[in-house]
Structures are given as C-alpha cells and as structure tokens.
Amino acid sequence: MAVRKPKFSKGTYFDYPTLFLTLFLALFGLVMIYSTSSYMANIEYGDGAYYFKRQFIFMLIGLVFMYLLSRYRYQRFKRFALLIAILQIVLLVLVLIVGTSVNGSTRWIYIGPIGFQPSEIAKLTLIIYSAAMCSDHPELTKNLKGFGILMIIPAIVCGLIVKDNLSTAIICAGIVVCVWFIATTRPTLIVPIVILGILAVILFISLKGYRSARIEAWLNPETTENGYQTMQALYAIGSGGMFGRGLGQSIQKMGYIPFAQNDMIFSVVCEELGIVGAVGLLAVFVMLLWRFRFIAEGAPDKFGAFIVIGVLSHIGIQVVINVAVVTNVVPNTGVPLPFISYGGSSLTFLLLEIGIALSVSRQIKPTSVQEQEKLEAMG
C-alpha cells in the first residue's frame, strides 16, 4: 500500500523575509528603470514610461508564477529533471535555427509578439538538474570522474550558449560547480575544477577577436573605442559621491551611457543615490542570500537544499559579475543586475526561482526553524 505524502499544514514554516526582500528588489528595480530610462524612452518611443510599463507587466507575470510555484511541492521536479534538461537543449538548438538576433547576438525566440531567451531558462534548468543528480547520485560528488559525468548535460547546454553569450555560460557552469561543491565530501577538488574553467575561458577569449578587444577595453578604457560605455559608467559612479545627486537627477543616463537601463544600471544607482545607496542595495542582496542559506540548512531533504543553493549561487554570481563589470574590475560581459536591470525574461525566471525556494521553505518544520535560529543567535 502506497504511503500518501502529507499536505502542507497550517503549522508549516514560510520564509517571509525572503518574500519581502524579493518584493523590495523588484519594486526598487522598477523605480530605477523608470528613473534611468525615461529620458531616452521619451526620445525613442514618445513615452517616458515605455520600459517601466514592460518591466511592470513581466513583474506581475513573474509574481503570479512565483506564488503558484511556492504552493507547488518542489519534489515533483526531481522526476522530470532529465526531461527538463533535454527540452532545454532542444530550445537552445532552436535558437541556432530560428533565433532572432538582437544587438548582434542571437539569443531570442519569438512566438508572435512574445519573445524569450532560452539562456535565461537554462539557469533554472541546471539548478533543478544538478540538484537532482547530486541528491540521487551522491557517488558523483566524490571524485573528478563523477563530476565529469555530472557535467555532461551542463557542458552541452553551456556549449550551445557560449557562442553568443559567454557570460551566461559562465554563470550556468558556476551554478553546477557551486551545487557540486556543497554536495561533495572532498571540497579540495574544487581547485583543479576552477583552474580548468579559467583556462577554458582564456582559450575561448583568445579564439574570438572581438572578445580580445573587450580585454583591451578593460585594460585601457580611456584610449579605446570599446571602452566608452565603461568610462561613462565610471564617470557616473564618481560624480555620485557619498550621497548621490538625488533620485532622477542622473546626467550620464541622458544618452551618455548606452542602454543605461540594462547592464549598467548600477552606475546610475551610484550616481543618483551615492555610495550609501549602492552599499544599501548590495546589503539587501546579502540579506537575501543569507535567507537562502537559512532555507537550505532547514530543508527537509538534500534535493531541496541543493535547489536553494543553486538559486543562491545564481543570484550571488550574477550580482558579483555585474558590479565588477560596472566598476571595471573585470572585462565587460553583458550581465544584468538581478531584479534591477531591465529585462523581462531575466526578471520572470528569477521570480520563478524564488517561488521554488519558497516552496522549500514551506516544508521546514517550525521546531527546526526555532532550533536553527537559537543556534545562530548563540553564534
């Protein structure tokens, strides 16, 4: 006789801090998108709220799916993990065949007026796939051979993405490596993996002339044509000072920073809200990542814990890369700032990830939450 799994009860836990931090970031992102894009949107489209409206619609769609997924039992994803990964590969192949090129990169698939980037879905796909593999096959976490087997499908996914989107391929690979690192009993194995990854990125960059030009722009942004966007972003950061010019008062957003509402929006945050505002925003991200850690530690099973680690890794890696690019610590890679940069696909799938993390939090036993909070309070 099959044992019926218990349904969610009134006594189950729900991580409201994660929900509130997510809503704050999404709403703050809307404010900054309007502030950053209104001048150019009015010139280009005759509507200063053009980008704001589009992002708002995607936010509502994402919030609906976030709620539905938070009520969905996340364990059901495990049985479909391999199928989801195969469908992801099919989508990425379709991009190569029928994809639409935007700003020189073929990343989009359009169904009528609706477009989406399969590479954004890939992040969520690899979170589920790597969590399922590491929880169902712990032997894959014990040595480099097991890691190689685990990476077969992620390698295919990253290989299909890397041609037009190196940064997303790096993030996808980083997600799998982070989940594996938490799952393994031999964390020292991460060293050769990281070295091999760095060498692979260097080799790929050396084979692509335009990527080498980005390296040159990174090293000498003030003397190269490709360094224009970076220099304008640095001007914005420098002119913001400690407390900023004031919300809506940025000068660099008025056509100086190309596509300021996208990857470089953090520079406008610095200009308008200053170092204090920028540090405050990063502090909110840190608090969100800390809540993910809390949920992962209280998860009822390894699959749930690894899913949340994957979400934590995705957001953490992407925030670090974006801020590093804007401040010219690393070469320009075109990575959006989660929840803040303009982009419907990115925002929607981020909210889907949050919904799954909240689903994991619903199955944390209240007693374990109290014990965990007590232990953390004791240091």
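F339 sits in the loop between α13 and α14, where helices (H or I, at least four residues) and strands (E, at least two) are DSSP runs numbered from the N terminus. The model is predicted, so local features need pLDDT of at least 70 and side-chain atom pairs count only at pLDDT 80 or more, while totals for chains, interfaces and linings use all residues. Residues are numbered from 1 along each chain as its sequence is written, and side-chain values use heavy atoms, with hydrogens and water left out.

- The phi of F339 is near 70 degrees, a positive value in a residue other than glycine, and F339 counts as buried at 2% relative accessibility, where buried means under 20% relative accessible area, exposed over 50% and partly exposed in between, with a 1.4 Å probe and protein chains only.
- N328 lies in the loop between α13 (302-326) and α14 as well, and its phi, near 65 degrees, is positive in a residue other than glycine.
- N328 is buried, with a relative accessible area of 15%.
- Most residues other than glycine have a negative phi.

**The chain as a whole**
- The secondary structure of the chain comes to 15 helices and three strands.
- Of its 379 residues, 50% count as buried.
- Among contacts (heavy atoms within 4.5 Å) between residues at least 6 apart in sequence, 74% join residues at least 24 apart.
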